[in-house]
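This briefing concerns one structural model. Please look at the sequence and coordinates first, then read the notes by topic.

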Amino acid sequence: MKTVPYTATLLLAASLFAEMNDDPLRATLLADRLETASGQWSRWEHLVWDVSAYAGYDLDKAYLYSEGSKAPGESESQNELLYSRAVAPFWDVQIGAEADTADGKSVGWGVVAFQGLVPYYFETRLRLMVNAQAVALNAEAEYEMLLTQRLVLTPRIELQAYSSDVEELGAGAGLSSIETGLRLRYEFIREFAPYVGVSYAATIGNTRKYAPIDDVQAVAGIRLWF
Amino acid sequence: MDDHPAAIQRRRFLQSVAVSAVLARTLLSAGEGGSAPAPIKRRESLMLEGTEFFLTLERTVVNVSGSDVLATTVNGMLPGPTLKWREGDTVTIHVTNNLPVSSSIHWHGIILPFHMDGVPDISFKGIAPGETFTYRFPVRQSGTFWYHSHTGFQEQSGVHGTLVIVPKDEDPVVSDRDYVVSLFDWSDENPEAIYRKLKLHSDYYNFNQRTAGDFISEVKSEGFWDALQHRAMWNRMRMSDRDLSDVTGYTYTYLLNGFTEAEDWHALFETGERIRLRFVNQSAMTIFDVRIPGLKMTVVAADGNPVKPVKIDEFRIAVAETYDVIVEPEERAYCIFAQSIERSGYAAATLAPRAEMHAARPAMDPPQPLTMADMGMGGMTGEGGADTGAMKCGGGMQMPKEEGKKHMWPITPLPMRRGVGTTMKAANPRYRLDDPGVGLRENGRRVLTYADLRNYYSTADAPPPDREIVLHLTGNMERYMWSINGIRYADAAPLTFHYGERLRITFVNDTMMIHPMHLHGMWSDLETGDEARLVRKHTVLVQPGSKISYRVTVNAEGAWAYHCHMLYHMPGMFRKVEVLP
Ligand SMILES: [Cu+2]
């Protein structure tokens, strides 16, 4: 007797809703990148995460984003909490707060972001961060190319810029960093897909005086959501 | 008794039993005791006949695809029992709700007083847990219909069954044997979980998306620039020409009379007999393409109403539609084959003289992509720029004769909203009555289209419309939002019909999905090209990017539901209709 599926469906069936609601509350978490990287003499000691979660409805959602990396002797992260409103068929406007950290120091920002699907199916997000010290801009784009129904190649690019130096974050004025990657994942189920890939990260201009990075890395990780 | 003697002599009505694959062990108080009940036995069950019926809705453990899961069932059966009524009788049905939530039964396509229609919050307040509601109404029609829960997504988990109504007078359809063939899409997943996944990722169940490999083969067949332009056009619009079904065989097990293809339900016959097959699509989300390889089918009724016989090889049956066909098989086994529109699976059974015979299954057809015509752009062969050649429907597009004189009656303006919930507007929607639809074009078989349907009885005396309303079917596939005129049900004012008027209703499908639209309480007299033979239907399939018109005589008082019958479109793509005196 298969008690487990039985019990599971029992729980689900108990919630069989009676009313007709086209827009029920829902919550989801997506770990788009959970990976470890190897490059520049490091041996798979570099950990990277890129996670988002939301709870809400068709039009209104509360979003949480966390992106960052950890390596021996260094760590950095960007964490956002935003209210998101659908304003066009493919576009959301988001507003909220962000806390960035770098090697134990942290900086707060107010954030406005635009998230959506541009023609040709590029997933894009453009975010503008403001505090007393500086204005920062972050742009990212990702494309999902299906090699087969389950094998997906994802090129990705992210750019960051600052209006003036933000010493705590080790960022210099102007275009500060570029990060680009190519990942190949296999979706065993939609919710679970391990991947391998390469990523390239570099600091640019004034930022190089804080951290001159120019690094090609091999990456391996999983993408999962529920 | 009322039957024509010749007809009665030839007919052994519903000699086979109606079928219910699961006669289940039910859970009157699920969760008690901690141990799960044994899986139920799958077998055929009986049809109920008479004027008084007792139906019980309950949770039942079923095992359709290898796991024990809970279904919501009628009298412990999946599908529920077939009810056989007789035209002219008054039927009484006591429906007891043993589910832990409110429920309802709606009599689909049945013309009845509105408070017997069984739609919660419109016709009545629903049936509370533990309560019994008694339906009682005169049966004023005959043919093949069905019933289902109109509450939440209970239909998906099993609350549905077939209605067979025997005519009071002579049946224009003469047959020796009579079988119900119900089609259904069973999922072990909870329907709410399916809906949630669609809201999170609308392409979750679509494993037929365009790939890089497809592009290479397109380059080979179309040349690089045409292939690139073709692809770019769809991508620019952020739409996929592979959006054929929202939910697929990835989660569905397709059932015929409650049986899987492997369980192989049998319809038995003796050689030389005329057999009537009553196809009913009781699915939540699946449009089926049905054929019996090696056998011609003669369509004799659509949505319960007799039509002029049409001989065909194949027909498409949208969710909630019914078609009666006559077949005259030879001494051999045939496969009754119903493949889902996106070709991710099929339901099948055997039609044979003996139970030990088994019919081989044909291969599924490859899925066809949508064309520019399905987006309401361009259209006929040779038109439509980059889509040249992609849209081939045989002859020209047939359109209703009165299209040119549509301004002879006033169009009632209705509120319209374009915004987050609408991604597309059909720029050039056309009547496409003789288009068999995506997946059935140019397949070498004689496929039924709406243009083939002619009412068995004359409609020449029907009054002309007093006015027209135009309803746009709208949505945002990316966000999985559905609406009518860009306004979802929760935000919409009811539609107002006036008792005694004759309406023309025109649908414009501004989406890339098929929407089977169902008006409760009144007939939809479909314009298929012959004014004197308008076809009576209760559910009308509206092809993507197309338009279609029908007439409604407003002859039923009260409040009625009007909606798309795709279960996960229905919560948004819905209107309440109020018939004012
Ligand atoms: Cu629909």
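How many nonpolar, polar and charged residues does the lining of the second largest pocket have? By class, the lining has 17 nonpolar, 19 polar and 13 charged residues; Ala, Val, Leu, Ile, Met, Phe, Trp, Tyr, Cys and Pro count as nonpolar, Asp, Glu, Lys and Arg as charged, and the others, Gly among them, as polar. The model is predicted: local features need pLDDT of at least 70, side-chain atom pairs count only at pLDDT 80 or more, and totals for chains, interfaces and linings use all residues. Residues are numbered from 1 along each chain as its sequence is written, chains are lettered from A and ligands numbered from 1 in the order in which they are written, and side-chain values use heavy atoms, with hydrogens and water left out.

**Confidence**
- The predictor assigns the complex an ipTM of 0.92 and a pTM of 0.91.
- Chain B has a mean pLDDT (the predictor's confidence in each residue, from 0 to 100) of 88, and 88% of its residues reach 70 or more.
- In chain B, pLDDT stays under 50 over residues 379–402, for which the model has 55 contacts (heavy atoms within 4.5 Å) beyond four places in sequence.

**Chain A**
- Chain A has 1 helix and 13 strands; helices (H or I, at least four residues) and strands (E, at least two) are DSSP runs, numbered from the N terminus.
- The C-alpha trace of chain A spans about 65 × 40 × 35 Å along its principal axes.

**A sheet in chain B**
- Six strands of chain B form an open sheet of mixed pairing, in the order β15-β14-β17-β22-β19-β20; two strands pair if DSSP finds at least two bridges between them.
- Its edge strands, β15 (252–256) and β20 (305–312) of chain B, each pair on one side only.
- Strand β14 (residues 177–187) of chain B runs antiparallel to β15(B), joined by 5 bridges.
- W186(B) has T253(B) in β15(B) as its bridge partner.

**Pocket and cavities**
- On a 1 Å grid over the protein atoms alone, a cavity is a set of points where a 1.4 Å probe fits but cannot get out, and a pocket is an open set with protein on both sides within 12 Å along at least five of seven lines; lining residues have an atom within 4 Å of a point.
- The second largest pocket is lined by 49 residues, and S69(A), E74(A), E76(A), T203(A) and I213(A) lie nearest its centre.
- The structure holds 8 cavities of 30 Å³ or more, where a volume is the space filled by probe spheres set on the grid points, which are joined across faces, edges and corners.
- The largest cavity has a volume of about 180 Å³.
- Its lining includes 3 residues from β34(B), the largest share.
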